[in-house]
Amino acid sequence: MKLGNSELETVEYLRTPTAIRQKCDRLFDLARLDKLRYFRVDLSQLDKAANYVIDTTRQQYPDFNIPFHSRWRHFAADNLPRVAELDAAIAEFLPIEQAKIKFDLAIISVLLDAGAGADWQYCESETGQVYRRSEGLAIASLRMFCQGVFSSNPDFPWQADYRGLSQLKLETLAAGFQVSRDNPLVGLTGRLELLQRLGNAICRHPLLFGSENPRPGNLAKYLLDSRVSGDKTVKASEVLRAVLSGFGEIWPGRYAIGGVNLGDVWRHRALQGENLGDEFVPFHKLSQWLTYSLLEPLQELGLEVAGLDELTGLPEYRNGGLCLDIGLLRAKDSAIFEQSYLPGSEVIVEWRSLTVNLLDKIAAAIREKLHLSAEQLPLVKILQGGTWAAGRKIASELRAGGVPPIQIESDGTVF
């Protein structure tokens, strides 16, 4: 289906970090005027929030030498050299081939990273360690990747190719995640379907993913080849644009414009207007998290990443939980905490929107306190140091099991 000009412009706009901030800022302005249905904001708590995040960061990174907030951090849980093991296994390959392998791994692992639920755990046979939530999902996906679970070539396990993905079986994924009746994983079927759709989608974008053996990791070569001769800079927003273009159609049950799947984009009635897409609020949480996770392999190829702070903070339950638990956000009705919600519900859209704006405000307050610029302390490092860890910490202090303050009915494809 060919899009009309207004449809095309709207789709392109909704795929930009600018759109995320503009839409979230509009809802934030309404919250400041107490015109939203579910939440109000209390910026008197901003100083407290910034101090809490700084203290959390100092505990993890006393020298403030903070890495990017990306999937690679989870692979190194307990400071074990799992990625170094992979590096040793693929050392004989050319740098671009190593980058493709790391892209394959990061893309698969991020897409499998949606909330695991409080009852699931993963026992790593190589170390005997038990991990839960994001670390467990990361390590399980890394081990499956190195075992060739996502590859159709038994002689080359370190890849995720279209056959391996599109033909992946539920039993295989369940075994890799050690799922059982006593060890349930939220959204397992949703995760499988997401990877299967990924396998089919990459065949439809040969420019991005190759035509001979389509792989998500071929996106590394596309981004490298897109450089003008001698240009060693890649913009973070350019990586995000490629991610949204290449993977946009894999998301299930989403809103669409002119048949184009919008992905992590939802409606809020307060934004309804005369123009196409006025009521839509984009977040692209997993896509931005994925973008952050692809930057390091690009740096290993010798590229310099520019425009880091064009991307936004990640509106998920740890960052959003921090904003609620620290008091920056106040629920208008405590009944909000007594039920669970689908991602498209207005409660969740409001919560996520206000989180995006508040993360920028927390970041600005932290930089001011530490006398650092955005270049010296970009948002992607504040998230890592940072707001995500602080959200997890305060949740564990307030609630058994560290569950988020608002319960989400996840299908394994949003959070």
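## Glutamate 279

Glutamate 279 is located in the loop that links strand 7 (265–267) to strand 8 (280–282); helices (H or I, at least four residues) and strands (E, at least two) are DSSP runs, numbered from the N terminus. The model is predicted, so local features need pLDDT of at least 70 and side-chain atom pairs count only at pLDDT 80 or more, while totals for chains, interfaces and linings use all residues. Residues are numbered from 1 along each chain as its sequence is written, and side-chain values use heavy atoms, with hydrogens and water left out.

Glutamate 279 counts as buried because its relative accessibility is 15%; buried means under 20% relative accessible area (1.4 Å probe, protein chains only). Not counting residues up to four places away in sequence, glutamate 279 has contacts (heavy atoms within 4.5 Å) with Lys23, Trp266, Arg267, His268, Leu271 and Gln272.

## Nonpolar cores

A nonpolar core is a set of buried Ala, Val, Leu, Ile, Met, Phe, Trp, Tyr and Cys residues joined through side-chain atoms within 4.5 Å. The largest one has 127 residues, of which Phe150, Phe177 and Leu198 touch the most other members. Helix 16 (residues 346–370) gives the most to this core, with 13 residues. A second, separate core of six residues includes Val11, Leu14, Val265 and Phe280.

## Overall dimensions

The protein chain contains 17 helices and twelve strands. Its C-alpha trace spans about 60 × 55 × 50 Å along the principal axes. Of the 415 residues, 57% are buried.

Notes. Buried means under 20% relative accessible area, exposed over 50%, partly exposed in between (1.4 Å probe, protein chains only).
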